Structure formats: C-alpha cells, structure tokens
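User: Could you take me through this model, and spell out your cut-offs as you go?

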Amino acid sequence: MALDKKSLKMLAGVHPDLVKVVKAVSEFKDLPQWQVTYGLRTLEQEKEMIRKGYSSLKNPMNCRHVPSGTPPLGHAIDISVLVGGKPCWANQYRSSYIKIGQAFQKAAQDLNIPLRSGFQWKTFLDLGHHELPAAQYS
Ligand SMILES: [Zn+2]
C-alpha cells in the first residue's frame, strides 16, 4: 500500500526514525487500509485535546506530537483505519487497529527502532497512536 497524500503531508516534521517505521509498515501485505491522520500538534492543540478528554496527559509539554529537541521534531503519529476511503474509529474495527499496531511493532523491531504503541497501553488505550520513547528521543 503506497502512503497517500495526507499521510505524506502528516509526516512532515516527524523524526526520520518514525518515518522509517511508517514506510516499512506501508510495505506490509494483507493489512487493512490505513492512513496517517496526525503528525505534529501544537502546544495549543494538545491543551485542547486534554481539555476535551481525548488525551490522558496532564502536562501538554509531555505530548510526543508536540515538536521537541534540536531541531524540533515530532515523535508521535496517529493512524486511522480507512473504511470506504474514510478514517473510521468505530469499535468494530478494533481488531484492524490491533493488526496494524502489531505490524508497527514488527517493523520497528526489524529496524531496531524503539517504539511505544497505544494499543498496548493498559490504562488509556490509544489504538492508532505510535511514538518514539522519550527515554531515547528527547
Ligand atoms: Zn497520538
């Protein structure tokens, strides 16, 4: 599956290691259709996400979507499953998110890039979220 225009646009400003993982997953066969729906987020956007309860963070500065480091780069992306060409988060597609999430983990392992994926989190499932850990990438 080739990455579509929106996915490529969303990858602008994202750390090259994470882009490598995304590109590797795009070459996996037999995955449900997906797209990168979020790359970078501004501090203001993250504050709004926290206010609305879409983000479990308390400090918006800890959001991996908000660019950090020198030069500032994003360290997280969100993907969506596409149904009929449109992003879909309905519960019935949960298994598709998990399948794609497992592909992200596999690709990251093959590339020797540490990756944290929201589908594996215990307290706040974030099925489409993938990030480079803060411990290794500031
Ligand atoms: Zn996210």
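Analyst: Helices (H or I, at least four residues) and strands (E, at least two) are DSSP runs, numbered from the N terminus. Just after α4, asparagine 112 takes a positive phi of about 60°. This is a predicted model, in which local features need pLDDT of at least 70 and side-chain atom pairs count only at pLDDT 80 or more, while totals for chains, interfaces and linings use all residues. Residues are numbered from 1 along each chain as its sequence is written.

User: Which residues of α4 are buried?

Analyst: They are Tyr97, Ile100, Gly101, Ala103, Phe104, Ala107 and Ala108, where buried means that 20 or more other C-beta atoms, placed from the backbone, lie within 10 Å of the residue's own, exposed means 12 or fewer, and partly exposed is in between. Seen down the axis of α4, these residues fall within an arc of 155° (taken from the directions from the helix axis to the C-beta atoms), so they line one face of the helix.

User: And which exposed residues are on the face turned away?

Analyst: That face of α4 carries Ser95, Gln109 and Asp110.

User: Switching topic, how many residues has the largest nonpolar core?

Analyst: The largest nonpolar core has 23 residues, and Ile100 and Phe104 are among those with the most contacts inside it; such a core is a set of buried Ala, Val, Leu, Ile, Met, Phe, Trp, Tyr and Cys residues joined through C-beta atoms within 7 Å. α4 gives the most to this core, with six residues.

User: What does isoleucine 100 contact?

Analyst: Leaving aside neighbours within four places in sequence, isoleucine 100 is in contact (C-beta atoms, placed from the backbone, within 7 Å) with Leu31, Pro32, Trp34, Ile79 and Val81.

Methods:
Contact = placed C-beta atoms within 7 Å.
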